[in-house]
Amino acid sequence: MNVRRNRGHWSLILALLPLVVAAQPRQLMSSARPVTAHVASHTSTTLDNTRSESIDIETLSIMPLFGERPKTAEQIDREIHFLNDCDQNFTSRTEASEFFAARGWDYISDGQLDTAAHRFNLAWLLNDRNADAYWGLGVVSYQKDNLPEAVRLLRKGIDAAGTNVELMGDLATVEIKQFQKDHHRPTLDDAEQQLQRIVTQDPAHAASFQKLSLVSYLKADYDKAWDYFHQARQLDMSILDLSFLSDLIAKRPDPKGVFK
């Protein structure tokens with residue numbers, strides 16, 4: 001996985017290679033407002049102070065959304081102190097949430113998935129409508145090969161974000177991979193819905209047309225698969241998956257005769 005910082009935006013590599021376990025990279029984007037170096041330094045100290053000495057609390061701190069279970073008095077006390085510190089050092093909890101989400105992407109970039117999960121949890125604690133918190137936790141779950149959890153969290157991110165093309169694309173990508181493992185048809189149907197939403201908003205989104213081609217292939221609708229594949233080709237030849245193309249040709253020759 002690779003995360004790249006660019007003027008406050010974060011590019012995150014998520015992967016899916018059609019029909020096999022290996023992966024091709026794709027990008028997703030999120031953003032966070034910058035804060036001053038003084039705030040960053042103080043908040044880092046605050047984090048160290050809020051880390052639990054209890055193994056149980058440490059485990060909960062890296063579970064998505066703190067495990068979504070009732071909290072102990074000690075956890076509540078630590079959270080109150082953390083929130084009070086953030087109130088003193090940020091202009092709003094929304095800004096603080098964006099800051100901790102941005103740190104989460106940093107830790108993903110460094111391969112520190114547990115630390116990243118903790119930061120995204122803190123972002124969620126500060127603002128449960130921050131789509132990046134769910135998005136980041138979904139990516140952590142994906143990286144840990146927990147696809148059902150990744151799907152669940154990415155869906156929560158979409159519920160918070162409304163319409164976000166990149167997030168919908170990532171959800172569809174993970175859902176397709178999940179379907180390839182468990183063959184649960186509703187998962188594939190939801191992936192198709194997400195991709196249709198994307199191309200409705202952005203008719204030039206070539207990658208989504210190629211994924212729609214893959215969805216149709218997995219549904220054994222090869223004519224539709226070819227239609228979507230050619231739409232992707234007309235928009236951007238560079239994104240075409242030649243391995244998938246070979247599989248599609250094996251099922252049905254190109255009706256347009258472009259690929260042989």
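Both F229 and F244 are buried, where buried means under 20% relative accessible area, exposed means over 50% and partly exposed covers what lies in between (1.4 Å probe, protein chains only). The model here is a predicted one, with local features needing pLDDT of at least 70 and side-chain atom pairs counted only at pLDDT 80 or more, while totals for chains, interfaces and linings use all residues. Residues are numbered from 1 along each chain as its sequence is written, and side-chain values use heavy atoms, with hydrogens and water left out.

Those two phenylalanines open the story of the aromatic rings. A search of the whole structure turns up 14 aromatic pairs. Rings of Phe, Tyr and Trp (its six-membered ring) pair if their centres lie within 6.5 Å, and planes under 30 degrees apart count as stacked, over 60 as edge-to-face and the rest as tilted. The F229 and F244 rings have centres 6.0 Å apart and planes at 55°, so this pair is tilted. F229 sits in helix 11 (residues 222-235) and F244 in helix 12 (residues 242-251), so the pair ties together parts that are 15 residues apart in sequence. Helices (H or I, at least four residues) and strands (E, at least two) are DSSP runs, numbered from the N terminus.

F229 has another partner in F259, and this aromatic pair is edge-to-face, at 5.7 Å centre to centre with 80° between the planes. Distant parts of the chain are linked here: F229 is in helix 11 and F259 in the segment after helix 12, 30 residues apart. F229 has a relative accessibility of 0% and so counts as buried, and F259 is buried too, with a relative accessible area of 15%. Zooming out, Y217, Y222, W226, F229, F244 and F259 form one aromatic cluster. Helix 11 is also the place of K224, which is partly exposed with a relative accessible area of 35%. K224 and L214 are 10 residues apart in sequence, and their C-alpha atoms are 9.7 Å apart in space.

Next comes helix 4 (residues 93-109). Buried residues in helix 4 include E95, F99, F100, W105 and I108. R103 lies over the face of F99, at 4.5 Å from the ring centre; a charge sits over a ring if NZ of Lys or CZ of Arg is within 6 Å of the ring centre and within 35 degrees of the ring normal. Just after helix 4, G111 takes a positive phi of about 80°.

Helix 4 also meets helix 6 (residues 131-143), with axes that come within 9 Å and cross at roughly 20°. That makes helix 4 roughly parallel to helix 6. Axes are lines fitted to C-alpha atoms, for helices over the stretch in contact, and angles run from 0 to 180 degrees between N-to-C directions. Angles under 35 degrees count as roughly parallel, over 145 as roughly antiparallel, 65 to 115 as roughly perpendicular and the rest as oblique. Helix 4 passes helix 6 in a left-handed crossing, a label used if the near helix is turned anticlockwise from the far one by less than a right angle, with right-handed used if clockwise.

Helix 6 itself is mostly covered, with 12 of its 13 residues buried. Among them are D132, Y134, W135 and Y142. From first C-alpha to last, helix 6 reaches 18 Å, close to the 18 Å expected. Helix 6 and helix 7 pack at an angle of about 165°, with their axes 8 Å apart, and are therefore roughly antiparallel to each other. Helix 6 passes helix 7 in a left-handed crossing as well.

The loops have a few details of their own. Most residues other than glycine have a negative phi. D145 has a positive phi of about 65° although it is not a glycine. D145 is found in the loop between helix 6 and helix 7 (147-161) and is partly exposed, at 47% relative accessibility. H183, also not a glycine, has a positive phi of about 55°. H183 belongs to the loop between helix 8 (165-182) and helix 9 (185-201) and is exposed, with a relative accessible area of 56%. L65, in the loop between helix 2 (55-62) and helix 3 (73-89), is buried at 3% relative accessibility.

Note on methods
Expected span 1.5 Å × (residues − 1).
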